[in-house]
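I opened my notebook to look things up in this structure, one topic at a time. Here is what I wrote down along the way.

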Amino acid sequence: MRVLIVEDEERLAENIAAALREGPGYAVDIAGDGETGAYLAERGEYDLIILDLMLPKISGPDVLQRLRKKGQKAPVLVLTAITSKASIVELLNSGADDYVGKPFDLGELVARVKALIRRGKGVSHPLIRVGDLEVDTVERCVRCGGVEVELSPTEYRILEYLSHRPSAIVSKESLLEHLYDFNWERHSNVIEAHVSNLRRKLNRGGEELWIETLRGRGYRLTAVVREAQP
Amino acid sequence: MKPYSLTRRLVVTVLLVELMLAAAATGLALLYERQQNLHAFDLMLRGRADSLLGAVQDAEDAGDNVMLDPKALDLPRGDLYGVRNESGRVVGSSSNWNHAVEQAVGEQGSGRNFRLGKKWYRGLALHGVRQIDIGDQKPGIARPVVIFYASSLKPFWAAMSHAAKFLVISNFLILLFTAGTLFILLRRGMAPLQELAGAAAGISSNALQFRAPPDAFAVQELAVLAHALESAMSRLEKAFVQQQIFVHDAAHELKTAVTIIKSSLQLLTSRKRTAAEYERGLELCLSDCARMEDLVQKLLLLARVEQPREEQVTASETNLNECLREVAEQMEPLATVRGVKLAVNLEESATARIAFDDCATLATNLMVNALQHTPAGGIVMLRVQASRGMTSFRVEDSGEGIPKEDLPRVFDRFYRGDPSRSRNTGGAGLGLAICKALAEGAGGQIEITSEVGRGTIAEVTLPASDEGRITRPLQEVLSDR
């Protein structure tokens, strides 16, 4: 998952980014003003945008309006110091999905971010099941037929992303976009290596194909129901 | 003091005056009435005496005397009369005739009041001549007689009391009518005042807007009050709104500062970390705290310098050169770090009416601003100029300048010309607001001119002597913003 933080308070943005990177292991980009924020949001494929209201150059509500007008569907979580009813109603009506009032709890912010991303992808429960596969987005662990599978952080992130849209084809570029922020050098062969490792770990002892590779198109997570071991 | 009703007071005053006038008018009218009545009474007495004279007849006796034959007369009973001939003999009288009447009335022809027993009478004496023995050719014998006639004053008094009653009652009715009319008129006249009071009563700290009712402007006396109230309230509202904005902004800044510290600490405790990570995290928290401290200090300073100061006991003569030299020395390390040249040009003997610390704060803020907005290799100049009554110093930089559209707002509290930059340098956007308040508090002014790409000039003008110093009231300072 990849998150954009539009916040002019550098230290705050850094803290939120660190929490999101360390916690759910998301890729995070930071924009220091409204203009950069709107630019990045329009171009990057973000799974969530965290937007401060008081921003230089373009104000938060204007950024929000601009994004929604351009058809940007990513959920937007607003950070605001003004928690009056009227301003919140106005915010939600103009396309925000949720808000947290300053000063907020970092843990709560992270939980809301996770929930919003899940909801944005049409998943309601933090425990995602695809056939026998269980992806626990709270504990960040994966079980296959009740057996826990040890995954590296990147492998987990790939699987988590795929599990949010099962049976949909996810392109390699899309995976790259959603898993890495600007600070990373991206190489598609890195993804290939991670996917093949992931496949090997999931397929331990079995013949099932969890992650299909559609040549030239991308990857697809297919639901497999493992038959009971004799 | 107990409050009193203006309406009641006015009504009572008018009624008292009217009562006095009515009493005087009644008195005069009664006096006149009395005069008239007495005159009429006298005429009546004379008439009756005349008819009595007509009843004096020849006695047909040897002495050619006269006698009174009142049989044919219809004189009211109770009247007193007596006729005396020239020899002093009473030739005829009423049955109740009394000699005392004669004495009381006297010989004069005009009426005179007297008392007989318990009754008051008025009487007069009529000197008449009766001709008797009038033949065809010869003149008769003239017999002069004196007729005393008196009548009871009862009818006179009755008429007088009647007149008095009439006057008193009619005056009373007029008074009543006046009171009622006056009350209604005053009530109606006071209505705009009541309305104004009602409108003023609607003012509260939540609703400071005040519009005087149009009726209040229709009344000349009230229009002044209404105007004064309206303008006072609008000034108050402006100041109040400014204050609210300030509090709102300050709360926002503080909330953000708290959020940063809180998130830093929560991030640090979100999982087990190495000692080095903790150390680094705590260092960051400390620097966050320092920023918040700086913000609070600046807010307090702003609150202090924006206090209306009627008498500035603390304001003293400050040697501008000394103060600015000290500031420049403190700025030297920052200039070195940023690679900016600092040029100081100070004149001798320049003094200003400002507290030393205030002047130092002013200069420091301006210098820091200039240094932060000047790229390496640039130059910041500090110079002092003294002219008649005023001393000024300017801070010039060769920085990026301020866009024209931002210039009017640079003195606004929490305004940051270039947020990303000033955030990085820890500015809260209060520096210039503090400078403005300090300069204006000392009776001076501050001006900023700038050209994008060429640099910015901040000029502070301060009064050099006592005469030039004007302490502006807070209200005015606030309304400027």
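Predicted model: local features only at pLDDT ≥ 70, side-chain atom pairs only at ≥ 80, totals over all residues.

Entry 1: I started with A:Ile50 and asked which residues it is in contact with, leaving aside its neighbours within four places in sequence. I found A:Val3, A:Ile5, A:Val6, A:Ile16, A:Leu77 and A:Leu79.

I then looked up the core around A:Ile50. The largest nonpolar core has 67 residues, and A:Val3, A:Ile5 and A:Ile50 touch the most other members. I checked which element gives the most to this core, and α1(A) does, with 6 residues. Another core lies apart from it and has 41 residues, among them B:Ile354, B:Val395, B:Ile434 and B:Ala437.

**Entry 2: chain A as a whole.** I counted 8 helices and 11 strands in chain A. The chain has 230 residues, and 39% of them count as buried. I also looked at contacts with a separation of 6 or more in chain A, and residues 24 or more positions apart account for 58% of them.

**Entry 3: a sheet in chain A.** Next I traced an open sheet of 4 strands in chain A, with the order β6-β7-β8-β9 and antiparallel pairing. Why is one side of β6 and of β9 of chain A left without a neighbour in the sheet? These strands, at 127–130 and 147–149, stand at the edges, and each has a single partner strand, so there is nothing in the sheet on one side of each. On average, neighbouring strands here are turned by 25 degrees against each other, direction ignored.

I zoomed in on β8(A), residues 141–144, which 3 bridges join to β9(A). One pair I wrote down is A:Cys144 with its bridge partner A:Val147 in β9(A).

**Entry 4: a hairpin.** The bridge partner of A:Ile211 is A:Leu221 in β11(A). The two strands form a hairpin with 3 residues between them. In the turn I noted A:Gly216, which has a positive phi of about 80 degrees.

Entry 5: I wanted to know how the length of a helix compares with what is expected. Helix α1 of chain B, residues 6–54, has 49 residues and reaches 71 Å from its first C-alpha to its last, close to the 72 Å expected at 1.5 Å a residue.

In α6(B) the buried residues are B:Asp288, B:Leu295, B:Lys298, B:Leu302 and B:Val305. Their cover includes α1 (10–22) of chain A, together with α5 and α10 (431–441) of chain B.

**Entry 6: a mixed sheet in chain B.** I followed an open sheet of 5 strands in chain B, with the order β9-β11-β12-β14-β13 and mixed pairing. β9 (341–345) and β13 (445–451) of chain B stand at its edges, each with a single partner strand. The twist averages 15 degrees from one strand to the next. I also noted that 8 bridges join β12(B), residues 390–397, to β14(B), residues 455–463, and that these strands run antiparallel. B:Asp397 has B:Thr456 as its bridge partner in β14(B).

Helices came next. α7(B), residues 320–338, packs on the sheet and touches β9, β11 (379–387) and β12 of chain B. α10(B) lies across β13 and β14 of chain B, running at about 140 degrees to β13(B).

**Entry 7: where the chains meet.** Last, I looked up the contact between the chains: 18 residues of chain B are in contact with 22 residues of chain A. On the chain B side, the largest share, 11 residues, comes from α5(B). By class, that side has 4 nonpolar, 9 polar and 5 charged residues.

Notes: Residues numbered from 1 in each chain as written. Chains lettered and ligands numbered in written order. Contact = placed C-beta atoms within 7 Å. Nonpolar A, V, L, I, M, F, W, Y, C, P; charged D, E, K, R; others polar. Pairing = 2+ DSSP bridges. Axes fitted to C-alpha atoms, helices over the stretch in contact; angles between N-to-C directions. Buried ≥ 20, exposed ≤ 12 C-beta atoms within 10 Å, placed from the backbone. Expected span 1.5 Å × (residues − 1). Core = buried A, V, L, I, M, F, W, Y, C linked by C-beta atoms within 7 Å.
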